[in-house]
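Subject: Structure for you to look at

Hello,

I am handing over the structure below, together with its sequence. My notes on what was found follow it.

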Amino acid sequence: MTGEQIIFLLVALFTLGSGFMVVTTRNLVHAALWLVSTLFGVAVAYALLDAAFLAVVQVVVYIGAIAILFIFAVMLTRKDMRDQGPQMNRNWWVGALLSVLVFAGLFFLLQGWNGLSRTASEIPAGFDAISELGNALTSPNAYVLPFEVASVLLVAALVGAVYVAFNRK
Amino acid sequence: MVPISWYLIFAAALFSIGLFGVLARRNAVAILLGIELMLNAVNINLAAFWRYGNVVQMTGQVFAIIVFAVAAAEVAVGLALVISVYRRRNTVVADEINMMKW
């Protein structure tokens, strides 16, 4: 086992363990904090994949904005569902069965794919992934249109969120 | 070097955990937490296919960034809906939010 494999296994175990805590913890504030550690593990996975920009965006956008938004929402809606009462619904075992089945299905689907043991090729010398990504996002020959559509979507979502959550009194 | 299957199985496990959270939790905010886990699992797959495929093609990373933007929009609208429902009905339990049920 090489060092990279050991690091990957530790990161994967940490991430999956925190993800499991996210869906099983009774206290929702703790679940949101476990989500922060899950997202951090995913950021480390991006770093292991040489996707530096994605790792930074994961920390800034997911941990810095989305997780904090979750903590705010939990605190704003906390009054009636503190820690008493069941946190799972009556059919939680159906959900558990379905997710185990989905995992088994994906696992066996992957077994039939012949590229499974492929390892990554070396990044060519002089190739700068971040500047290539910036070029791809702003070049008319590449992905400038999806990029602009994403920004319009964000504006629409922000306006919609303000409208939905606005308190008319 | 780690083979691609490790990343794919890791992402599949994270997706299944998120799916369990969406299906089993009663609290609407906790359901949104599960959706976040599922979106992250998809993003790991996209980054892994970028790295193990043709690195010069940036499509995988661009797609992951679009998923980031969509996830941010989804969380903003979803939490606004939960807060709005909480203000009117004083509940965040998904079973009790049945105003649109026929």
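Chain B has three helices and zero strands. Read from the N terminus, the order of its elements is α-α-α. Please keep in mind that this is a predicted model.

The radius of gyration of chain B comes to 17 Å, while the globule rule gives 13 Å for 102 residues; the value is well over the rule, so chain B is more spread out than a compact globule. The C-alpha trace of chain B spans about 50 × 25 × 25 Å along its principal axes. Of its 102 residues, 56% count as buried. If you take the contacts in chain B between residues at least 6 apart in sequence, 50% of them join residues at least 24 apart.

Next, the contact between the two chains. Chain B puts 64 residues into it and chain A puts in 76 residues. On the side of chain B that touches chain A, the elements giving two or more residues are α1 (4–24), α2 (28–52) and α3 (59–89) of chain B. Which of them gives the largest share? That is α3(B), with 21 residues. Sorted by class, this side of chain B holds 48 nonpolar, 10 polar and six charged residues.

On chain A, the domain assignment gives two entries: domain 1 covers 1–83 and domain 2 covers 127–169. Taken over C-alpha atoms, the centres of domain 1 and domain 2 of chain A are separated by 23 Å.

One helix of chain A was checked for its length. α2(A) has 21 residues and should span 30 Å at 1.5 Å a residue; its end C-alpha atoms lie 30 Å apart, so the two figures agree.

What follows α2(A)? The residue to look at there is A:D50, whose phi is positive, near 65°. A:D50 has this positive phi although it is not a glycine. Its place is in the loop between α2 (28–48) and α3 (52–76) of chain A.

Regards

Methods: Residues are numbered from 1 along each chain as its sequence is written. Chains are lettered from A and ligands numbered from 1 in the order in which they are written. This is a predicted model: local features need pLDDT of at least 70, side-chain atom pairs count only at pLDDT 80 or more; totals for chains, interfaces and linings use all residues. Two residues are in contact if their C-beta atoms, placed from the backbone, lie within 7 Å. Helices (H or I, at least four residues) and strands (E, at least two) are DSSP runs, numbered from the N terminus. Ala, Val, Leu, Ile, Met, Phe, Trp, Tyr, Cys and Pro count as nonpolar, Asp, Glu, Lys and Arg as charged, and the others, Gly among them, as polar. Domain bounds come from an automatic or database domain assignment. The expected span of a helix is 1.5 Å times one less than its number of residues. The radius of gyration is taken over C-alpha atoms; the globule rule is 2.2 Å times the number of residues to the power 0.38. A residue is buried if 20 or more other C-beta atoms lie within 10 Å of its own, exposed if 12 or fewer, and partly exposed in between; C-beta atoms are placed from the backbone.
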